[in-house]
Amino acid sequence: MNRVFLACLVLLSGMACTVPSLDELHPCDINDLMGDSVDAFLGDRPTCRALKVSIDYSGFLPGCVLVSARDEASGKASTAEIAGKGGRSGGSLLVSVFAPSSWGDSVQVEARAYEQNCEATPVMTRSIRVSPTTGKVETVTLSLQATDADGDGYVSLLTGGTDCNDNNASIHPGATELCNDIDDNCNGQSDTVDLRLGQDCSEAEGCEGVRACGENGAVICNMPLAVYAYPDADQDGHGDRNAAPVAFCAGIPQGYVVSPADDCNDNIASIRPGAMELCNGVDDNCNDQIDETFPDLGTACTATAQCAGVYVCDASGIATICQATTTPNDWYLDGDGDGFGVGTAVSSCIPPGTDYVTTGGDCNDGNPFTYPGAPELCDALDNNCDGNPEGPEVCPSEGASWGTLTVGVPDMEWRSVFTEVPGDVTVSGSQGGIAILTPGSSVFQTDATNCGDSNRGWNAVWADMANQGRIYIGSSGGFLAFLDRSENACTATHSIGRWVRGLVGFRHAGALEIHGVTENSGTTNQGLTFRWTGGIGTGSLSFGTTVVPPLQAIHGRSPAALFAVGGTEGGSNRGHIYRLNPSSGQWQSEAVQDYIPGLGRLRGVWVVNNKTAFAVGEFTGTQNTVLQWDGSMWSRMPFPNTHIEILTSVVAFGAKSVYVTSYNGRIYRYDGTGWQIVFENTNLRFNDIAGTSPADLWVAGNNGQILHWPQ
C-alpha cells in the first residue's frame, strides 16, 4: 500500500488516482503457480486463483477425457478434451484451472471419461466443488474407475461401458459381425437379423440362393445349383490360381474351367503345371521355382577364346551356354622373343602359348634384334622394320667389315671362343693358349700362368659371367681346369684321360652345373658325357652311362634343351645327336641318323631356346650338313653346295638369324630367306664362332687368327 500511496502522491493535484486490483498488482506466472508440466489449461489469465486438478483412472484407458470448470455464480465454463495417457490398467492426467477475477468463489470441476471419443456416452463422470483462494494453488483429485478386462478399448457394460463381452478382445462395438452365433459388435442383434441370414440372394450369372454362413465366419450366397469355375484366360486348361471362383447356373462359358485352379500365369498358355521348364528366367511349370532344371546356370565356366565366363540361357531356352565376361586380346606368335609377333592374330583371353604377345608387326620373327622401333645394328639388315637397312652412322666410319686380329704365337690354333657380354671375349687353343679381352680394351691378354697343357692344348672354354668371369677349360690331354681372372692363373682340377671337346654351363636349381663331352674314352669310336658340379672349384665329376660315339660339341640353356653332337668319320649317316633327359639325368639319342639320310659327322650345335636349335657338320655325298630343331624334330636345312665344306661351328640368335663357320675360311649367314657368304678367305681356317648379337660376332681360327664383326 505504501508504494501505491507514493505513486499517487507523485500525480499532479486534481488528477484521479485509481488503486489497481490485487491481480493487477501481482500477475501470477503459470510455472510459479503450477510447477509441474500439465496436460491442459482451463480459464483465463492474469489471475492469482488457480487449481491443480489430478485426474486418475484405473482399470481402463479412456480414449478421451472431457475436463470442465464452471463458475456456479455466472454459469460461465471452460472445457478441454484430452486423450488418455498410460496403459490398459490406468493412468493419470494433470490439468491447470485458472479462475478469472470475474468468477465467483465457487467453481465446479468435472471430468468425464469416454471409451473412444468425447462424442459418445461417458463411461464415468466425477465432479467436485472448489473455492479458489487468491495467491494460493488449490489441489484436487478426481478418481475414475471402470473395467476393460480384454484391453480392446471398450469398457464392460457392468462398469458403464459398451463391451458386451469384456473377456474377448474381438467382441466390442465397431467389431465386424461374423456369422458365428455370437454378437461380435455388441448391438444386441442375432446373426440371423444382423447378417440377414436366410434372405434371398443372387450372384454371378443369375444364380439364386439364400444368405448363409460360410467358412471363417463369412456370409455367402448359398446356391445349391451353382457350379463354381475359375478364369482360364489363356485356355490352357488350368484356371487362374490367383482369381476367385465364379458361380454359373446355366453352363460353364468359354474361358473358364471348373478345375484345377493352379495356373501361375493365366495370360500365357505355355506357362502351366506340367509344362516343360525352359531356361528363360520364368517359372514355366508353376512350381514356384525358376529354371530349376538348369543347375549350372550362373556358375563360372571357360568360354570361347579361353575367357572367363558364366553359364546363361541359350537362344533356344532348352540349354545353357557359357558366355564370356571378359574381352579377349589379339595374340601374335613371337618366335624370337623380342616382344613383337607375326601372322594372323589369335583371339584369346589368355596367351595361346608362352611365345605369344599382344603386339604384331615384326618384319623378321626369327631375329630378336629385328622388330618395329628396334635400334639399328651394323648387320646390313633392317632392324627397325622401316624398310631400310642401317645408315652409315651405325657402322664404323670406314665401312663395315670383318676385322682380323693375330693373337698369340703365329702357329696358334684358336679352337674355342666364348662371349656373353659385349666386349668380354675368351678364347682357348693349342699350346695351352688362353686369351682374354675385357670391355674397354682392344688387346687380348695372353699371359695367364700355369695354363699350359703338355698334351695338345685347350679345346673347350666357358666363362661364368655371374662369378666375375671365372673361366672353365678342357684339353685334348684330358685335363679340366679353371682360371680366376683376378689371379690370372689356372688351377687344374681333374685329369680324365679323354679329349674334352665341349663345355657349357648354367645354373640349375640354384647351383652351377657344367656339362661336357669327349671325343674318345680310350676305346675306338666311343666318347663320353660328363657333369661337373659341387661348388665348381675342384668339384665333383660324374659320367653318363649312355654309350655314345665320339662327340664334338655341346650346347644348351638348361636341362630342358641340352644337346651334344658328334659321330664317326667317313661315310654317310655318321652324324649323331643326343639330348639330356632332365628326369633321369641320362643322355638319349635323337636317332637323326635313322630318319635323315646322308648325315656327315656333326661338329657344332647351338640352342636358341626350347623350340629352336641348329647343328652343323661335314659334307657327305653331295650335300653339306645343316640341321634345324623345331622343338620336337630335327630336319635338314637347304644349304649351298657350291663348296664342299666342313662346317665347324654355329651361333644363332633366332630361327632366321644364324651364322656358320667353315674350316675353309668362309662364314655363312641365314636371314630367313636364304644363306649368303658374308666372309671368305680360303687361306684361313675357322674352328668356332660366338657372339652377343649380329653386330658383335667373334670367330676363332688357326695361325693365331681371331675375327670380329664389325672391325
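A: A search of the whole structure, which is a predicted model, finds 20 aromatic pairs. Rings of Phe, Tyr and Trp (its six-membered ring) are paired if their centres lie within 6.5 Å, and planes under 30 degrees apart count as stacked, over 60 as edge-to-face and the rest as tilted. In one of these pairs the ring centres of Phe369 and Phe653 lie 5.7 Å apart with planes at 85°, so the pair is edge-to-face. This pair links distant parts of the chain, 284 residues apart, with Phe369 in the loop between β20 (356–357) and β21 (403–406) and Phe653 in strand β41 (residues 647–654); strands (E, at least two residues) and helices (H or I, at least four) are DSSP runs numbered from the N terminus. Phe653 is buried, at a relative accessible area of 10%, whereas Phe369 is partly exposed, at 25%; buried means under 20% relative accessible area, exposed over 50% and partly exposed in between, with a 1.4 Å probe and protein chains only.

Phe444 and Trp698 make another edge-to-face pair, because their ring centres are 5.9 Å apart and their planes stand at 85°. Here too distant parts of the chain are linked, since Phe444 belongs to the loop between β24 and β25 (458–464) and Trp698 to strand β46 (residues 696–701), 254 residues apart. Phe444 counts as buried at 9% relative accessibility, and Trp698 is buried at 5%. Elsewhere, one aromatic cluster is formed by Phe418, Trp462, Tyr472, Phe482 and Trp532.

Leaving aside neighbours within four places in sequence, His708 is in contact (heavy atoms within 4.5 Å) with Ser401, Trp402, Gly403, Asp696, Leu697 and Trp698. The C-alpha atoms of His708 and Leu697 are separated by 5.5 Å, although the two residues are 11 apart along the chain. His708 is buried, with a relative accessible area of 17%, and its side chain reaches the backbone oxygen of Pro710 at 2.8 Å. A polar contact is defined as a pair of N or O atoms within 3.5 Å; within protein, one must be able to donate a hydrogen and the other to accept it, and residues adjacent in sequence count only if both atoms are side-chain atoms. Pro710 itself lies in the segment after β47, and the peptide bond that joins Trp709 to Pro710 is cis, with omega about -15°.

Another cis peptide bond runs from Ser259 to Pro260, with omega near -5°, and Pro260 is placed in the loop between β14 (256–257) and β15 (300–302). Most residues other than glycine have a negative phi, and most peptide bonds are trans. Against that background, Arg196 has a positive phi near 55° and sits in the loop between α4 (191–194) and β9 (200–203).

Strand β23 (residues 424–429) and β24 pair in the antiparallel sense over 4 bridges, where two strands pair if DSSP finds at least two bridges between them. Ser428 has Ile434 as its bridge partner in β24, and in the hairpin of these two strands, with 4 residues between them, Gln431 takes a positive phi near 60°.

A further sheet is open and antiparallel, with 4 strands in the order β29-β30-β31-β32. The edges are held by β29 (500–508) and β32 (540–543), each with a single partner strand, so one side of each has no neighbour in the sheet. Within this sheet, β29 pairs with strand β30 (residues 511–518) over 8 bridges in the antiparallel sense, and Val504 has His515 as its bridge partner in β30.

As for confidence, the mean pLDDT of the chain is 89, and 93% of its residues reach 70 or more; pLDDT is the predictor's confidence in each residue, from 0 to 100. Residues are numbered from 1 along each chain as its sequence is written, and side-chain values use heavy atoms, with hydrogens and water left out. In this predicted model local features need pLDDT of at least 70 and side-chain atom pairs count only at pLDDT 80 or more, while totals for chains, interfaces and linings use all residues.
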